[in-house]
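This report is a guided first look at the side chains of one protein model. Please keep the sequence and the structure in view while reading.

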Amino acid sequence: MSLNHSELPSFPPFANWKGISQYFPVQSDSVWLNYCGTTPVSTYAIEMMNLYFQEYARYGIFAPSFAEPVIKAAIRGYIAEILVCDPSEIGIVHNTSEGINLYSHSIQIPKGKRILVLENEYPSNVYPWEHWKEKGVGLEFIPVGKTPEDFLLNLKRELEKGDVFILSLSPVHWCTGVVFDMEAVSKLCETHHTKLVIDGSQAVGHIALDFGKIKVAFCAFAAWKWLLGPLGLGVVYLSKEESKGFQLIFKGQSSVVNDSSYFPYRNEWKPAADQFEQSTINFNDWIYFYASLKMLSTLGFSRVRERIYEIADLFKQTLHDLGFTLESDAFPTVTTGILAITGHKDPSKFQPERIQSFLKQKGITTAVRLGRLRMAPHIAIEEEHVARVKDALNEYLNQS
């Protein structure tokens, strides 16, 4: 069974970006600037889900336009295009923590080796590794430094010690927006025989990742950030090399081949990436995610990234004009869609929680992370929204 494309809603390609915010109701009377945190639903995803619900109400699991194997193939195909990998290397989970936990508990690490993670890393890429400390494996943090170059030097020093088994890294720091040179990181890991694991939640859909050039053993990421997907859905990547002999620690109803035939019980496991889907999945979320990926694909994944940078640059210029300083000022040649505001020319004016609260009263959503006021725009943000944020910040700065 294949998708009935003639009946599925289409998304306009938007030769320019004017008017695209109309597909994101959250932007109609507010400005959402936390797209690296969570992303509100688009009307396109709502339309796609409504069609699915109508078919499901009539046909149940035999909804003609939404056969589960075809939706799964479509999702894997889109993600494989983004990561430049094979669709068979893609699995679907609930979130990053689940994905990294499943991987971490399913592999073997020799006693005396170390796992390295990033300083001030998000907990989803820390907690899943902690169980190894009870097994004689070290878990340590790499200082970020002030620039991506600083980080590479810090990493090189650690890898040269010769005992790092896994580097589990976020290519984009969730608090500061700093982007690391993953090709350089990958080469260092290869040189020192270290497996590279990626927490891609802040990277996938935001920066270019080419797993044909970057040697990655495993990657997990959330669907609801830069890919505009639903809360509670995540993706894993398991390389073909890492798949050899890989077997998940848990065995569920869907772990084995021909899982829809329940008897006799069997021991032949599905291919490695498929093993991460343990049993019945939340297919509603799959439809939502499929719609978001289809929308982004129509616009062009690389074109979407460039638009994120374009809007981020408008904010950057606006913030500089208002006297603010940014984390990215230390690495001006690195493109990032995360703006971390670190100060103001009048130090008394930079009170991140107070600014966040003031902006919230104006319908502008931001976040405070590590003492920085964080903004993260996406394609739903247009120039008019930048102007609205500028006016609000001006009002805040001019308060007595």
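## A surface patch and its helix

In this predicted model, Tyr 56 is found in helix 1, which covers residues 43–59. With a relative accessibility of 39%, Tyr 56 counts as partly exposed, and together with Tyr 59, Ile 61 and Phe 62 this residue forms a nonpolar patch on the surface, whose members have about 470 Å² of accessible area together.

Tyr 56 also takes part in a cluster of rings, in which ring pairs link it with Tyr 52, Phe 53, Phe 66, Phe 283 and Trp 286.

## Aromatic pairs

The structure holds 21 aromatic pairs. One of them joins Tyr 78 and Tyr 290 in a tilted arrangement, with 6.4 Å from centre to centre and 40 degrees between the planes. This pair links distant parts of the chain, since Tyr 78 belongs to helix 2 (residues 68–83) and Tyr 290 to helix 7 (residues 283–299), 212 residues apart. Tyr 78 is buried at a relative accessible area of 15%, and Tyr 290 is buried at 1%.

The rings of Phe 246 and Phe 276 have centres 5.9 Å apart and planes at 15 degrees, so this pair is stacked. Both residues lie in the loop between helix 6 and helix 7, 30 residues apart. Phe 246 counts as buried at 11% relative accessibility, and Phe 276 counts as buried at 2%.

## Charges over rings

Two further contacts bring a charged side chain to an aromatic ring. Lys 135 lies over the face of Trp 132, at 4.8 Å from the ring centre, while the charged end of Arg 303 sits over the ring of Trp 17, 4.3 Å from its centre.

## Salt bridges

The count comes to 17 salt bridges. Among them, Asp 163 pairs with Arg 114, the closest N and O atoms being 2.9 Å apart; Asp 163 lies in the loop between helix 4 and strand 5, and Arg 114 in strand 3, 49 residues apart. Asp 163 counts as partly exposed at 22% relative accessibility, whereas Arg 114 is buried at 6%. Both belong to a network of salt bridges that also links Glu 140, Glu 158 and Lys 161.

Another salt bridge is formed by Arg 372 and Glu 327, with the closest N and O atoms 2.5 Å apart. Arg 372 lies in strand 13 and Glu 327 in the loop between strand 9 and strand 10, so the pair ties together parts that are 45 residues apart in sequence. Both Arg 372 and Glu 327 are buried.

How values were computed: Residues are numbered from 1 along each chain as its sequence is written. This is a predicted model: local features need pLDDT of at least 70, side-chain atom pairs count only at pLDDT 80 or more; totals for chains, interfaces and linings use all residues. Side-chain values use heavy atoms; hydrogens and water are left out. Patches are made of residues with over 30% relative accessible area and no salt bridge: like charges are joined within 9 Å, nonpolar side chains (Val, Leu, Ile, Met, Phe, Trp, Tyr) within 5 Å. Accessible areas come from the Shrake-Rupley method with a 1.4 Å probe; for residues, only the protein chains shown count as cover. A salt bridge is a side-chain nitrogen of Lys or Arg within 4 Å of a carboxyl oxygen of Asp or Glu. Helices (H or I, at least four residues) and strands (E, at least two) are DSSP runs, numbered from the N terminus. Buried means under 20% relative accessible area, exposed over 50%, partly exposed in between (1.4 Å probe, protein chains only). Rings of Phe, Tyr and Trp (its six-membered ring) pair if their centres lie within 6.5 Å; planes under 30 degrees apart count as stacked, over 60 as edge-to-face and the rest as tilted. A charge sits over a ring if NZ of Lys or CZ of Arg is within 6 Å of the ring centre and within 35 degrees of the ring normal.
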